[in-house]
Amino acid sequence: MTSRSPIWLFDLDNTLHDASHAIFPAIRVNMNRYMAHLLGDGTTPADAATVNAIRLQYWQRYGATLMGLVKHHGVRSDEFLHEAHLFDDLPSMIRAERGLARLLARLPGRKILLTNAPRAYSHQVLRHLGLHRHFFQHIPIEAMRVHGKLQPKPSAQFLRKLLGTHGVAARDCILVEDTVANLRVAKQVGMRTALVTRYTQPGLHKNSAACVDVKVKSVFHLARHACRLYRLPP
Ligand SMILES: [Mg+2]
């Protein structure tokens, strides 16, 4: 059995920190405000039920609300991402387990941050958690493009492009995520997958068994499953 040095693709929100605590609720408020204006008639903003239904519909269909707004409403992605990630005091909203930097340092292989969040926000969270130096690459949503077009997770095309860029086999990549839809596509591409459960509702992990190699409550449990993640025979 061979042992190759793996590449870890780490999601950020609800994988490395608890975004559900304060950040996601704030993003939801920002998005709703933006969308109410967008979907209104020019004078009256759209009502909350309409906005919520469309936000959920795009998130389920495209994996990111942004993609639906760009596709169906001609929204400028940079403008929307900026508006959605305005916070009064982001550092005070971040909650995470202690010791993440040590954990990342201990895991063998290179690590890439792969997040559907925008660059400015994810950079700030990484700095706050002291994790920036542990990632050799930081890929925010703006950078997930194929032939110039935005292709955020769960895009198989972008994952294949990423493998090509790094000249690495899919089986030597591990996607660590809380979102099952993203893991499913990574698995189809041939990557190893780890589901992190502690920050998301259990209902969201249904039907994950087929696409998840390892299910952990916290990223701190990854090391103990190492053999199943990166010493699997090809
Ligand atoms: Mg996530």
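Helix α8 is followed by G167, whose phi is positive, near 55 degrees; here helices (H or I, at least four residues) and strands (E, at least two) are DSSP runs, numbered from the N terminus. The model is a predicted one, in which local features need pLDDT of at least 70 and side-chain atom pairs count only at pLDDT 80 or more, while totals for chains, interfaces and linings use all residues. Residues are numbered from 1 along each chain as its sequence is written.

Within α8 itself, which spans residues 156-166, the residues F158, L159 and L162 are buried, a word that applies if 20 or more other C-beta atoms, placed from the backbone, lie within 10 Å of a residue's own, whereas 12 or fewer make it exposed and anything in between partly exposed. These three cover an arc of only 100 degrees around the axis, which puts them on the same side of α8; the arc is that of the directions from the helix axis to the C-beta atoms. An α-helix has 3.6 residues a turn, so residues three or four places apart point the same way. Among the elements that cover the buried residues of α8 are β4 (145-146) and α9 (180-189).

Just after α7 comes G130, with a positive phi of about 70 degrees.

The strands lead us to the sheet. Six strands form an open sheet in the order β3-β2-β1-β6-β7-β8, with parallel pairing, where two strands pair if DSSP finds at least two bridges between them. At the edges stand β3 (137-139) and β8 (214-216), each with a single partner strand, so one side of each is left without a neighbour in the sheet. On average, neighbouring strands of this sheet are turned by 20 degrees against each other, direction ignored.

Strand β1 (residues 7-10) has both of its faces covered, for I7 and L9 on one side and W8 and F10 on the other are all buried. In a regular strand the side chains alternate between the two faces of the sheet. β1 pairs with β2 in the parallel sense over four bridges, and I7 stands opposite R110 in β2. Four bridges also join β1 to strand β6 (residues 173-177), again running parallel; in β6, the bridge partner of W8 is I174, and that of L9 is L175.

What surrounds β6? Five of the five residues of β6 are buried, so this strand is largely enclosed by the rest of the structure. C173, L175 and E177 point one way from β6, and I174 and V176 point the other way. Four bridges pair β6 in the parallel sense with strand β7 (residues 192-196), where T193 stands opposite L175.

Finally, consider a pair of helices. Helix α2 (residues 48-62) and helix α3 (residues 65-73) pack at an angle of about 100 degrees, with their axes 7 Å apart. The two are therefore roughly perpendicular to each other, a label for angles of 65 to 115 degrees, whereas those under 35 count as roughly parallel, those over 145 as roughly antiparallel and the rest as oblique. R55, Y58, W59, R61 and Y62 of α2 make the contact with T65, M67, G68 and L69 of α3, contact meaning that the C-beta atoms of two residues, placed from the backbone, lie within 7 Å.

Key
Axes fitted to C-alpha atoms, helices over the stretch in contact; angles between N-to-C directions.
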